[in-house]
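Please examine the structure shown below.

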Amino acid sequence: MSGLELPILHFEHVTRRYDRFIALEDVSFVVRKGKILGLVGESGSGKTTCIRLALGLERPSAGRIRFMGRPYSYRSKEMKAIRRRIGFIFQDPYDALDPHLTLEEIIGEPLRAHGLWNVTARERIRGLLDRVGLPDASLRSYPTRYSGGGLQRIAIARALALEPELLLCDEPTSNLDVSMQAQIINLLMELQRERGLAMVFVTHDLPLIRRIADDLVVLYAGRVMECGPAREIAARPRHPYTIVLLSAMEAKIPHRSAWDEANPPVSPACPFAPRCWKAQPQCWKERPPRIPVRPDWEVACFFPEE
Ligand SMILES: Nc1ncnc2c1ncn2[C@@H]1O[C@H](COP(=O)(O)OP(=O)(O)O)[C@@H](O)[C@H]1O
Ligand SMILES: [Mg+2]
């Protein structure tokens with residue numbers, strides 16, 4: 001995914017271990033300025049870990065992350081400068097918003113945290129509430145007055161308070177009902193376009209990813225299976241796991257059983273081998289290399305689709 005422009009976020013061979021458990025292994029991808037990167041994979045594949053690493057809430061066990069070309073340093077001053085430029089929205093707004101704080105306190109919190117609270121702050125918060133579709137909301141009201149969709153709008157207003165260049169969205173609509181999902185997605189897409197935001201969008205909703213993402217990263221058991229242009233991958237996936245994920249085939253292949261969970265393939269092997277209909281002995285023994293389909297498209301498989 002090389003381009004002439006410097007990527008806004010760059011994961012370089014990032015590994016994250018929790019004791020002996022490897023949540024992410026050798027994960028590389030870039031988020032391009034103003035573009036939407038879809039991050040997909042089943043539960044436990046490491047998506048939220050990627051988001052936490054991007055926010056600097058955790059450090060890689062190996063590898064490196066860069067923001068606008070500069071490696072994360074984890075010194076608090078430098079990390080704060082990076083975090084100022086990254087907004088985030090999590091799955092559960094009930095969890096993310098403190099019910100004891102007013103909307104003004106919630107949305108203004110990033111401004112205060114970065115020493116940017118000033119005489120225009122309230123006006124700015126009003127403008128944000130207006131923009132996210134809550135024009136009548138009182139700054140002195142509490143989030144307990146709102147349901148899922150309203151809460152997620154408040155979370156979006158907070159995420160935008162510092163005018164970030166990158167917005168990280170971790171399954172932002174998976175706890176909402178269907179009609180509310182569409183409204184929130186439409187709002188996010190409008191904001192993305194009007195502000196030229198780069199986005200990492202974590203979701204299980206593959207039809208949605210087909211519609212909105214420019215680039216796609218497919219994770220399985222903490223490894224990148226396939227990575228490249230979203231629409232082209234969706235039209236013609238090369239990795240067997242991407243094929244499974246994008247089609248209704250999921251039901252037809254063996255699910256990961258308790259036995260598989262307890263007996264993962266040896267670490268260097270392909271983690272998808274136990275469920276893959278194409279797996280050969282090699283797949284159980286060796287790590288598939290990242291094979292370029294094109295310069296901007298890679299697949300980690302010995303036997304990708306032609
Ligand atoms: N703090 C932690 N300690 C131990 N294991 C963790 C921790 N955080 C995440 N994990 C494990 O890492 C794996 C990936 O988790 P996560 O990134 O949350 O996946 P996803 O968001 O794709 O569902 C899971 O198996 C999870 O149990
Ligand atoms: Mg998650």
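Glutamate 25 has a relative accessibility of 14% and therefore counts as buried, the cut-off for that class being under 20%. The model in which this value was computed is a predicted one. The side chain of glutamate 25 meets that of arginine 287 in a salt bridge, with an N to O distance of 3.0 Å. Glutamate 25 belongs to strand β2 (residues 21-31), whereas arginine 287 sits in the loop between α12 (281-285) and β11 (290-294), so this contact ties together parts that are 262 residues apart in sequence. Arginine 287, at 33% relative accessibility, counts as partly exposed.

The structure holds 21 salt bridges. Another of them joins the side chains of arginine 131 and glutamate 194 at 2.8 Å, N to O. Because arginine 131 lies in helix α5 (residues 121-131) and glutamate 194 in helix α7, the pair ties together parts that are 63 residues apart in sequence. Both residues are partly exposed: arginine 131 has a relative accessibility of 23%, and glutamate 194 has a relative accessible area of 44%. A network of salt bridges links Arg131 and Glu194 with Glu190 and Arg195.

A further salt bridge is formed by lysine 278 and glutamate 305, whose closest N and O atoms are 2.6 Å apart. Lysine 278 lies in the loop between α11 (258-262) and α12, and glutamate 305 in the segment after β12 (297-300), so the pair ties together parts that are 27 residues apart in sequence. Lysine 278 counts as partly exposed at 22% relative accessibility, as does glutamate 305 at 30%.

Attention now turns to strand β8. This strand spans residues 198-202, and five of its five residues are buried. Cover is present on both faces, with Ala198, Val200 and Val202 on one side and Met199 and Phe201 on the other. Strand β3 (residues 36-40) pairs with β8 in the parallel sense over four bridges, and leucine 39 stands opposite valine 202 of β8. Strand β7 (residues 166-170) also runs parallel to β8, joined to it by five bridges; here cysteine 169 has phenylalanine 201 as its bridge partner. From β7 the chain passes through helix α7 (residues 178-195) to β8, in a right-handed β-α-β crossover.

The structure holds one cavity of 30 Å³ or more, and the largest cavity has a volume of about 70 Å³. Its lining comprises 13 residues, of which Pro240, Cys270, Cys276, Cys283 and Cys301 lie nearest the centre. By class, the lining residues divide into 11 nonpolar, one polar and one charged.

Key
Residues are numbered from 1 along each chain as its sequence is written. Chains are lettered from A and ligands numbered from 1 in the order in which they are written. This is a predicted model: local features need pLDDT of at least 70, side-chain atom pairs count only at pLDDT 80 or more; totals for chains, interfaces and linings use all residues. Side-chain values use heavy atoms; hydrogens and water are left out. Buried means under 20% relative accessible area, exposed over 50%, partly exposed in between (1.4 Å probe, protein chains only). Helices (H or I, at least four residues) and strands (E, at least two) are DSSP runs, numbered from the N terminus. Two strands pair if DSSP finds at least two bridges between them. A crossover is right-handed if, with the strands pointing away from the viewer, the path from the first strand over the helix to the second runs clockwise. On a 1 Å grid over the protein atoms alone, a cavity is a set of points where a 1.4 Å probe fits but cannot get out, and a pocket is an open set with protein on both sides within 12 Å along at least five of seven lines; lining residues have an atom within 4 Å of a point. Grid points are joined across faces, edges and corners, and a volume is the space filled by probe spheres set on the points. Ala, Val, Leu, Ile, Met, Phe, Trp, Tyr, Cys and Pro count as nonpolar, Asp, Glu, Lys and Arg as charged, and the others, Gly among them, as polar. A salt bridge is a side-chain nitrogen of Lys or Arg within 4 Å of a carboxyl oxygen of Asp or Glu.
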